[in-house]
Amino acid sequence: MWNFIFRSVAQRLILLVIVSFMAHSFIHLAPGEPSEVDPMNPRMKPEDIAKIRAAFHLDDPLHVQYAYWIRDLASGELKSFKDSQPVLPKIWDRFLNSLPLFILATILVWTLAFPTGIYGAVHRGGLYDRSTVFFSYALISIPSFFLSYLVILGVVEWLGVPVISLKTFGMDQADPAYKIMDRVWHLVIPSVMSALAGIAVLSRYVRSQMLEVLSQDYVRTARAKGLEEDTVVYRHALGNALLPFVTMFGFLIPGLIGASVIFEQIFAWPGLGRLGYEAILARDFPVTMTLIFFTAVLTLLGTFISDVLYAVVDPRIRLE
Amino acid sequence: MNNSDTKNPNLQLGHDGGVVLEKQETPWEEFLRVFQSDKQAVAGFAVLMVLLVMALTGKVLTEWWIIFDPEVVRLPDKFLPPFSFVTEEIPKSDRPFGGLYLLGTDELGRDVFARMFQGVFVSLSVGFVAVGISLSVGITLGGIAGYYGQEKFDLKIVLFGILLGLLLLYVKWNFLGYSVIAMFLATWAFRISVDTFIMRFTDAMLCFPTFFLILAAVALLPPSIYTIMIIIGLTTWMGTTRFVRAEFLSLREQDFVTAAKALGLPESRIIFRHMVPNALAPVFVSATIGVASAILTESGLSFLGFGVPPPFATWGNILSDARGFIFDAPWVFFIPGVAIFVVVLAFNLVGEGLREALNPKLRSR
């Protein structure tokens, strides 16, 4: 077991180096530069631009810039181009803002996708199965912002609840109960919207995985020895079907953060995705690079945890 | 289960090895039978065929032989609902075909129908080109990783890598050049296999938030429809690589590949003529779904202001431009939204139908 853990940590450290290389080169290979953000500004004289470029090491070759980036990142002194604030606390603050959205969305995805997919697979070809498959395709086929706009209009129109941003402005004097309900409404709608696609995708995976397991020999054996159908499905098949999903946990993180760019823009949620969008608009290289790197690190952590969990629940992995 | 007898080859021989030889179903006929039994997929396929015709006629009628002009601005006629007729103030040359705005007009009095009609081709070509790029990268990398599998880097490949790096240094991409040289030398020094090399790179790519990466690249590069196609293509090949690698790993052990090797065929011919066609089934499925998600990605980029730039109308940018007028002109918002929904759904359903029809395990049930 320790051998396994050691090996996967080592693998991830190597990946981490590759990932940091890539995050750095992605941004710097594109031709746009921070000093080009505002070329028409008359107050930006050539010597100012030269000063800015020197301050951010923009004239050095890329491998030197990479070294500076890693050094500043490690010592926590990396500053944003835009407002000279340290990057790491900035990202961490926004991450904490986004965290409730991510957690609620993940909970929604995992609690709704499994029952939907399993029931569909057990009753393959039935009305329920066909309609959930159709609906899950429908859900991933709508442009997310189109659907979100419709939902916002509907909620505001019929329920009379404001849902944009973290909380309603000017509620400081309100009753605590109102305040909590307000926060809940503001949290639930964006989480549900960003969970929809995940539910649709994951429930189809669960369904096909379950179908696969149900056609295995040991399920036939279990049926042949006269077990009840429920026991066969829920005791013998279910566990084996669910096993691979332990490893999917880590790979859901980049999807969540990537999609949060759109959802946080729609719902004016001051989180990680919005920070990224603002940084890209301002050509704020340190924030953009570090954000991409941060996401990759989170993903590596997530995949590491799921790999270890997988090795705990499935002894075959450890022996390989 | 009724598929138990097809799993056992002996049983099956006894089953139809009798006197009556039934006409064997060809794989293509079997594929058609399974695909046609899926009503949703057939409906999706019909939608896609209509769409293809619309894309071509739209290209012709809005750009070459202009019957529907998407670019005419008619300010007096702005925000007209669908099926309204042109007003008297519009000069003869600017009137829409038949004097009718089939789908209404937008905030500049442009004909929404003409814009949608032009947008079919652009939206579809974004999807197809992006998927084309991602498939070629995916199949090549997956094929190499699966075929050469455990072989180590030999001197030939390392020399090639160093040459590539020097070329990059020559065009002043120093950082990339040094990294390429360092990577190839390190893989050679540590005796890393080709498979490990490619798959670790794929794993690293999978760690990045794809949409965010696309957004960053599109925003930093000069705005153009080709940039969007290329960037979407270059950030979505990882799934294909993994599929193709898995298929190749199992195909490599099969007799027909050994036979081809024994015949002395060149490796490129074994890979591309004999193995790739056999590995394509899952690729088809992911390609169909890939086109759908490329169209959605384009509309998401449009929403954030980095979509296909103005001279081209795409469904994505019509939709995102219209969100400011949801109350004044809901049709400009709903028409592209519903259109994208129907088309992407059609692609997804066809993909699902293909998956069922091409999967030997799910067949003949």
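In chain B, helix 11 brings Gly239(B), Thr240(B), Phe243(B), Val244(B), Glu247(B), Phe248(B) and Leu251(B) against Met275(B), Asn278(B), Ala279(B), Pro282(B), Val283(B) and Ser286(B) of helix 13. The model is a predicted one, in which local features need pLDDT of at least 70 and side-chain atom pairs count only at pLDDT 80 or more, while totals for chains, interfaces and linings use all residues. Residues are numbered from 1 along each chain as its sequence is written, and chains are lettered from A and ligands numbered from 1 in the order in which they are written.

**Packing of helices 11 and 13 in chain B**

- Helix 11 (residues 238-251) and helix 13 (residues 267-303) of chain B pack at an angle of about 145°, with their axes 9 Å apart; axes are lines fitted to C-alpha atoms, for helices over the stretch in contact, and angles run from 0 to 180 degrees between N-to-C directions.
- The residues of this contact divide into eight nonpolar, four polar and one charged, where Ala, Val, Leu, Ile, Met, Phe, Trp, Tyr, Cys and Pro count as nonpolar, Asp, Glu, Lys and Arg as charged, and the others, Gly among them, as polar.

**Chain B as a whole**

- Chain B has 15 helices and two strands, which are DSSP runs numbered from the N terminus (helices H or I, at least four residues; strands E, at least two).
- The C-alpha atoms of chain B fill a box of roughly 80 × 70 × 35 Å along the principal axes.
- Of the 365 residues in chain B, 42% are buried, a residue being buried if 20 or more other C-beta atoms, placed from the backbone, lie within 10 Å of its own.

- Leaving aside its neighbours within four places in sequence, Leu215(B) is in contact with Val261(A), Ile280(A), Leu301(B), Leu304(B) and Phe306(B), contact meaning that the C-beta atoms of two residues, placed from the backbone, lie within 7 Å.

**Contacts between chains A and B**

- In chain A, 46 residues are in contact with 41 residues of chain B.
- Helix 1 of chain A gives the most to the side of chain A that touches chain B, with nine residues.
- The residues of that side of chain A divide into 33 nonpolar, twelve polar and one charged.

How values were computed. Buried ≥ 20, exposed ≤ 12 C-beta atoms within 10 Å, placed from the backbone.
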